[in-house]
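Dear colleague,

Please find below the structure that I am handing over to you.

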Amino acid sequence: MDSVDVFNFVQGGSSIVVAICMFLALLSFLKNVTSLNNLINASSLSKNSEVGAYVKFKGSFTGDALKTPVSNQSCSYWSLVIRAEFQTKKKKPDKGMQTHNPVLYKASSDELPLLISDGSQIIQLMLDNSLAIMSNPSYTKNETIAIPVSEIQDLVKPKYKKYISEEFWFPVDSDVTIWGYILGRNKNSVLLSNGEDKIHRPLMMLGDESQLHQEFSRANRFCLYLMIWSVFQLYSLWTWLPDIDHILISILLCGSFFVVSYVIYRDTKVILRSK
């Protein structure tokens with residue numbers, strides 16, 4: 001394969017990759033718009049809401065204040081993830097050490113009745129994997145050599161050098177907005193659950209809906225950046241690139257384009273959940 005063939009391959013292959021980037025940016029934009037519409041247009045919980053309906057509800061946690069298990073922060077709700085850290089040698093031919101962080105333990109205050117009230121209605125949360133649906137929580141991270149909680153005592157191994165505790169929690173008396181499915185009703189409260197619909201997502205957000213607009217606006221702004229950047233790349237590939245005589249420089253230029261595209265693409269995702 002001569003230099004002309006290599007150049008044509010680099011130019012053609014790069015153009016295909018750029019076209020894929022444009023498609024992914026457009027796809028992310030449309031997905032973000034659909035998700036935002038589903039959340040914003042969800043019906044507010046009322047006495048007329050039927051079992052199985054997807055609803056939103058804003059209120060405050062009721063009950064006594066809790067304490068996060070590691071940092072001892074006062075809160076109304078918490079979730080905890082503990083990871084260990086250890087190192088091993090890289091496999092040959094690589095040299096040096098590599099770090100591993102396996103998850104040892106996950107817990108939350110789900111075992112307590114989670115009641116939220118707006119003064120006129122009370123909902124009880126029946127959540128699966130509450131950590132996955134927490135949005136915009138307060139966050140603390142601790143790294144210790146000592147075992148952070150007694151529950152992982154039987155999981156400890158001599159190779160573990162330290163433990164990383166991540167706590168996600170809602171402050172005492174904070175307002176939260178919940179999206180979920182009505183599981184049932186009784187005379188005192190409404191049961192709200194995750195549901196199984198993948199289009200209408202369950203969510204437990206600290207604050208109100210304004211947080212949604214901010215996060216989706218940020219993500220869609222980066223979708224636009226990626227589309228503009230992709231157009232610039234196509235223009236460069238077919239106007240500037242042919243004027244570069246050195247094939248290695250051409251390859252490095254295309255590589256730098258793709259690195260920038262990847263960095264922008266990461267920010268096209270809406271990060272509503274804690275983990």
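Which residues form a nonpolar patch on the surface? In this predicted model, the patch is formed by Leu26, Phe29, Leu30 and Val33. Together, these four residues have about 300 Å² of accessible area. One of them, Phe29, belongs to helix H1, which covers residues 3-40. Phe29 has a relative accessible area of 31% and is therefore partly exposed, as this value falls between the 20% and 50% limits.

Ser109 presents another setting. This residue is located in the loop that links strand E7 (103-108) and strand E8 (114-117). Its relative accessible area is 1%, so Ser109 counts as buried, the limit being under 20%. Apart from neighbours within four places in sequence, Ser109 makes contact with Leu66, Tyr77, Trp78 and Leu114.

Asn72 is not a glycine, yet it has a positive phi of about 60 degrees. Asn72 sits in the loop between strand E3 (66-67) and strand E4 (74-75). Asp173, also a residue other than glycine, has a positive phi near 65 degrees. The loop that holds Asp173 runs between strand E12 (162-170) and strand E13 (175-185). Is Asp173 buried or exposed? Asp173 is exposed, because its relative accessibility of 63% is over 50%.

With kind regards

Methods:
Residues are numbered from 1 along each chain as its sequence is written. This is a predicted model: local features need pLDDT of at least 70, side-chain atom pairs count only at pLDDT 80 or more; totals for chains, interfaces and linings use all residues. Side-chain values use heavy atoms; hydrogens and water are left out. Helices (H or I, at least four residues) and strands (E, at least two) are DSSP runs, numbered from the N terminus. Buried means under 20% relative accessible area, exposed over 50%, partly exposed in between (1.4 Å probe, protein chains only). Contact means heavy atoms within 4.5 Å. Patches are made of residues with over 30% relative accessible area and no salt bridge: like charges are joined within 9 Å, nonpolar side chains (Val, Leu, Ile, Met, Phe, Trp, Tyr) within 5 Å. Accessible areas come from the Shrake-Rupley method with a 1.4 Å probe; for residues, only the protein chains shown count as cover. A salt bridge is a side-chain nitrogen of Lys or Arg within 4 Å of a carboxyl oxygen of Asp or Glu.
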